[in-house]
Amino acid sequence: MSDVIHLLPDSVANQIAAGEVIQRPASVLKELVENAIDAGAEFIQVVVKDAGRTLIQVTDNGKGMSETDARMAFERHATSKIKDAQDLFSIRTMGFRGEALASIAAVAQVELRSRREEDELGTFVEIAGSRVFKQQSVQCDKGTTFLVKNLFFNVPARRRFLKSDSVEKNHLLNEFYRIVLVHPDVEFLFYDGDDEIFRLPASNVKVRIDQVFGSAKKKLNQQLLSIETETNLVNVKGFIGRPEFAQKTAPQYFFVNGRYMRHPYFHKAVMLAYNQLIQPTENPSYFIYFEVDPQTIDINIHPTKTEIKFENEQALWSILSATVKEALGKFNIVPSIDFDREGVPDMPVQHSNEMVSPPKTIFNPSYNPFGSSSYKRPQMEWESLYSGFEKEKKNNDDFGDNFPAEAESTVIQSKINIEEVFTGGIYFQLKNRFIITSVKSGMLMIDQRRAHIRILFDQFLKEIQQKKGFSQQLLFPETLQLMPEDLLFFEQIKADLYYVGFDFEPEVPGRYTIKGVPSQLKGTESIIPLLNDMIERVKTATGDAVAVMQEQVALALAETAALPSVQSLNNDEMTKLVEQLFTCSSHNHTPDGKPVMNILTQEEIQQRFK
Ligand code: ADP
Ligand code: MG
């Protein structure tokens with residue numbers, strides 16, 4: 001038999017690689033504008049047509065390219081920005097992988113015009129589907145213009161995968177914001193067809209924020225507080241919104257060393273600082289810029305990922321938290337619920353080194369910063385998911401493995417010494433649904449299932465973020481068969497599922513064997529519907545909003561693993577549940593904003609006896 005292995009032609013290899021880098025018009029915009037920045041441009045103009053489907057054009061007045069470079073630029077791994085592996089640890093440019101132009105040219109029709117200051121004539125290159133059609137000298141301005149036409153003209157599957165114009169435009173704008181907010185010294189123009197959408201003269205950060213998010217009527221920069229902290233680990237600068245201007249949706253941006261990043265963990269630090277200053281359904285704006293030694297971060301994970309790993313994450317968290325709190329003038333926070341604790345030492349208002357308040361942080365999973373569609377929860381047969389729990393419960397008087405592991409694993413940022421508060425706490429269960437107890441101001445009522453959802457949600461989210469869930473191997477592995485259109489969404493959450501304790505192996509494309517599940521889900525029978533539900537949730541939570549996605553995954557898991565709403569609990573079980581609830585970052589609401597607890601005040605009770 002003859003040999004069967006052969007190397008793929010470059011055009012095919014490039015097209016495959018392009019799948020990683022170029023997912024939609026917004027990816028093209030990002031790569032081209034970043035290149036313009038790297039070329040030292042002081043002026044960058046973007047023109048898009050049909051939400052970038054038919055044209056994305058980027059013009060800059062940067063340093064331009066020589067004739068050879070103009071051709072070389074389209075080769076895979078062709079870059080002028082790093083030379084060896086060592087350079088990877090001191091990256092100061094936006095790009096460095098040298099794969100963007102090769103990828104774009106593999107899946108679109110590209111025209112390049114570029115001229116260096118010192119050259120009389122510039123170079124024109126026309127390339128489509130990785131094939132060079134033309135290269136010649138032309139007269140053109142100093143700098144570079146890229147025209148990217150008919151994106152995915154040769155990849156119909158990709159083209160079909162694109163969303164509506166409004167969604168794609170949103171993606172384009174979001175990429176644009178992420179860049180212009182870190183380069184206020186560069187002038188930007190943005191045209192949608194013939195319409196001028198943005199004209200942003202060079203300025204400073206504060207003015208730039210206003211240029212982008214403010215309006216003639218509403219000056220955004222007047223709603224902002226400035227923050228600034230310099231330490232030997234990190235410099236934190238930027239602006240945060242005054243609490244009174246918090247809104248349902250608000251721009252929230254982190255940048256590190258001039259690069260946009262997503263960081264759910266740091267986001268939490270900011271949100272916790274606003275705790276009790278804003279309503280649960282509101283969000284503050286923030287624009288926070290970190291400067292750290294490039295050696296202490298890892299930006300090299302994935303071409304389209306915006307997550308960044310920090311060496312000193314914990315320390316940075318504290319610095320950020322303190323910085324934001326200081327700006328908010330907020331250091332003495334008082335616990336929100338006073339427990340009746342006769343004979344129990346007073347709960348300290350402030351621990352020396354811990355955050356004290358039981359925060360009422362707010363989280364609204366249906367809030368989708370990148371899309372306009374409102375999130376709808378898919379229908380599921382929840383009852384069927386609990387059958388496993390009920391069975392186990394009957395012959396097992398304690399919580400068994402279904403109950404969240406001991407408090408350590410669920411403790412999030414704020415710890416209150418709950419033991420002190422709850423020792424000897426007496427709980428009464430109403431209708432096998434509500435836990436009732438007496439607190440200082442009256443009668444506290446807790447919805448037990450919602451409490452459990454909150455506890456598990458925090459736990460799952462933490463596991464996802466810290467990448468350390470526990471897996472329970474399945475005796476009978478299950479098969480997950482994905483529809484082609486779901487495959488991409490599954491890819492997006494695969495890593496998070498793995499971190500939370502799922503263990504799966506690909507069989508054939510689109511089919512996975514589920515070999516293990518998060519230990520909290522042991523006994524759940526409907527793993528496959530759960531996974532499908534998660535994909536469904538991620539689908540509706542458009543875009544690369546990874547936080548939204550992780551929260552959806554955590555919420556789906558929590559809702560599956562949580563106690564049923566009706567189940568008898570003994571006093572120990574209730575104690576445990578309440579204790580754990582109060583170690584949660586936000587114990588007043590479920591992640592999707594439903595109340596977990598309520599107090600019937602003494603006055604209200606007395607009123608009824610009038
Ligand atoms: P990377 O940005 O990772 O180096 P790209 O594929 O985006 O890779 O670009 C390849 C090379 O083409 C860059 O390293 C740069 O030398 C050159 N280049 C791309 N865009 C421009 C531009 N607008 N102006 C000048 N040079 C550019
Ligand atoms: Mg680049």
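These legends walk through several close-up views of a predicted model. Local features need a pLDDT of at least 70, and side-chain atom pairs count only at pLDDT 80 or more, while totals for chains, interfaces and linings use all residues. Residues are numbered from 1 along each chain as its sequence is written, chains are lettered from A and ligands numbered from 1 in the order in which they are written, and side-chain values use heavy atoms, with hydrogens and water left out.

**View 1. Serine 27 sits in helix 2.**
Helix 2 covers residues 25–38; helices (H or I, at least four residues) and strands (E, at least two) are DSSP runs, numbered from the N terminus. Serine 27 has 10% relative accessibility, so the residue counts as buried. Here buried means under 20% relative accessible area, exposed means over 50%, and partly exposed is in between (1.4 Å probe, protein chains only). Leaving aside residues up to four places away in sequence, serine 27 touches Val21 and Ile22, where a contact means heavy atoms within 4.5 Å.

**View 2. Glutamate 168 and arginine 24 pair up in a salt bridge.**
The N to O distance between these two side chains is 3.0 Å. Glutamate 168 belongs to helix 6 (residues 165–180) and arginine 24 to the loop between helix 1 (10–21) and helix 2, so the pair ties together parts that are 144 residues apart in sequence. Glutamate 168 counts as buried because its relative accessibility is 0%, and arginine 24, at 14%, counts as buried too. The structure holds 22 salt bridges, each being a side-chain nitrogen of Lys or Arg within 4 Å of a carboxyl oxygen of Asp or Glu.

**View 3. Aspartate 192 and lysine 169 form another salt bridge.**
Their side chains meet at 3.0 Å, N to O. Since aspartate 192 lies in strand 7 (residues 187–192) and lysine 169 in helix 6, the pair ties together parts that are 23 residues apart in sequence. Aspartate 192 is buried, with a relative accessible area of 18%, whereas lysine 169 is partly exposed at 31% relative accessibility.

**View 4. Glutamate 196 meets arginine 199 in a salt bridge.**
Elsewhere, Lys30, Glu31 and Glu34 are joined into one network by salt bridges that share partners.

**View 5. Ligand 1 is surrounded by 20 residues.**
The closest of them are Asn35, Thr79, Ser80, Lys81 and Gly98; a residue is near the ligand if one of its heavy atoms lies within 4 Å of it. An oxygen atom of ligand 1 is 2.5 Å from an N or O atom in the side chain of threonine 79. A polar side-chain atom of serine 80 also lies 2.5 Å from an oxygen atom of ligand 1. The protein covers 93% of the 530 Å² of accessible area that ligand 1 has on its own (Shrake-Rupley method, 1.4 Å probe). Helix 2, helix 4 (100–107) and strand 6 (143–149) are the elements that give two or more residues to the shell.

**View 6. Asparagine 570 caps the N-terminal end of helix 16.**
A side-chain oxygen of asparagine 570 lies 3.1 Å from the backbone nitrogen of aspartate 572. Helix 16 spans residues 571–581, and its buried residues include Met574, Leu577, Val578 and Leu581.

Methods
Polar contact = N/O pair within 3.5 Å; in protein donor to acceptor, adjacent residues only side chain to side chain.
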